[in-house]
Amino acid sequence: MKPTAVHLHLHYTERWPEIRQYLQHMGSCPYHLYVTLSRDNAQLEAEIKKFHPQSTVWRAENRGYDIGPFVEFLHKADLSRYDLVLKIHTKSKSGLQKTWINGRCVTKKRWVNLLMNALLGSAEIWRQNLAAFEQNPGLGMLSSRYLITSEPECSEYLRPQVAAILQKMGLSVPAEITFAAGTMFLVRAKLLEKAKAVFTAGDFSKTDSTVQDGTLAHAFERAFGCLVRAQGYEVKG
């Protein structure tokens, strides 16, 4: 396989040591690391490049939370160089907010752990994830099975916005919207070309620490799963 492109939006910079430990589980599997920082931080940039010399680090405005920086990454990276793209970010663990997903009550901290552990929880998990794509040509996106959801209450209120996003890509929304809640996933790189073609980071509004549901970023969270399925691939946990 070609190397994996890893995009990390490192908004909460204090979580770099934790993220670094997860990335170490990729072991000898080749990857290029793309890191976006919300603020200039020369010391951290040097630490990242020392950890993984094949790193590209730049400052990206916190637009659409982690979605705008990811779209900026899509424009910066040559996706044809990669088979897979791993999208991760430093979703906040603080606060008492709880969400019901797939019949489970999930706290912020648990949410982050479920996503990161499913993708990079150990060297063996990472190898299994790569093998899943090699063995199943129809697999398009992989994330935590606990947070891959098709529940109508999670998406139907955003269907018009999701449909508008997909329409710009020349795709139609599947009857059932399936997506990775939390927007961390491993996906076939070629499936992201359509998003890259019609959207830029500037399409997203600047965001702060507050969470306002129903934004373009939240619709895009659903659209990523839809663009995978609309191109004939599966979204799995």
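User: Which residues lie nearest the centre of the second largest pocket, and how many residues line it?

Analyst: The second largest pocket has 14 lining residues, and Asn117, Ala118, Ser144, Arg145 and Tyr146 are those nearest its centre. Two elements, α4 (108–120) and α5 (123–135), each give two or more residues to this lining, with α4 supplying the largest share, five residues. A pocket here is an open set of points on a 1 Å grid over the protein atoms alone, where a 1.4 Å probe fits and protein lies on both sides within 12 Å along at least five of seven lines, and lining residues have an atom within 4 Å of a point. This is a predicted model, in which local features need pLDDT of at least 70 and side-chain atom pairs count only at pLDDT 80 or more, while totals for chains, interfaces and linings use all residues. Residues are numbered from 1 along each chain as its sequence is written, and side-chain values use heavy atoms, without hydrogens and water.

User: Why does His75 count as partly exposed?

Analyst: His75 has 39% relative accessibility, and buried means under 20%, exposed over 50%, and partly exposed in between (1.4 Å probe, protein chains only), so His75 is partly exposed. His75 belongs to helix α3 (residues 67–76), where helices (H or I, at least four residues) and strands (E, at least two) are DSSP runs numbered from the N terminus.

User: What does His75 touch, leaving out residues up to four places away in sequence?

Analyst: With contact meaning heavy atoms within 4.5 Å, His75 touches Lys196, Phe199 and Thr200. In sequence His75 and Lys196 are 121 residues apart, yet their C-alpha atoms are 6.3 Å apart in space.

User: How do you know that α3 is mostly covered?

Analyst: Seven of the ten residues of α3 are buried, namely Ile67, Gly68, Pro69, Phe70, Val71, Phe73 and Leu74. These buried residues pack against strands β1 (4–10), β2 (31–37), β3 and β4 (84–89), and also against helices α8 (193–198) and α9.

User: Why is Tyr65 called buried?

Analyst: The relative accessibility of Tyr65 is 18%, and therefore Tyr65 counts as buried. Tyr65 sits in the loop between β3 (55–59) and α3, and its phi is near 60°, which is positive in a residue other than glycine.

User: What makes the phi of Thr183 worth a remark?

Analyst: Most residues other than glycine have a negative phi. Thr183, although not a glycine, has a positive phi of about 55°. Its place is in the loop between β9 (179–180) and β10 (185–188), and Thr183 is buried, with a relative accessible area of 5%.

User: Which residues touch the most other members of the largest nonpolar core?

Analyst: In this core of 81 residues, they are Leu23, Ile88 and Leu120; helix α9 (residues 216–230) gives the largest share, eight residues. A nonpolar core is a set of buried Ala, Val, Leu, Ile, Met, Phe, Trp, Tyr and Cys residues joined through side-chain atoms within 4.5 Å. Beyond its neighbours within four places in sequence, Ile88 has contacts that include Val6, Leu23, Leu120 and Met184.

User: How do you know that β5 and β6 are joined?

Analyst: Strands pair if DSSP finds at least two bridges between them, and four bridges join β5 (residues 98–101) to β6 (residues 104–107), the two running antiparallel. Lys98, for instance, has Thr107 in β6 as its bridge partner. The strands form a hairpin with two residues between them, and Asn102 in the turn has a positive phi of about 55°.
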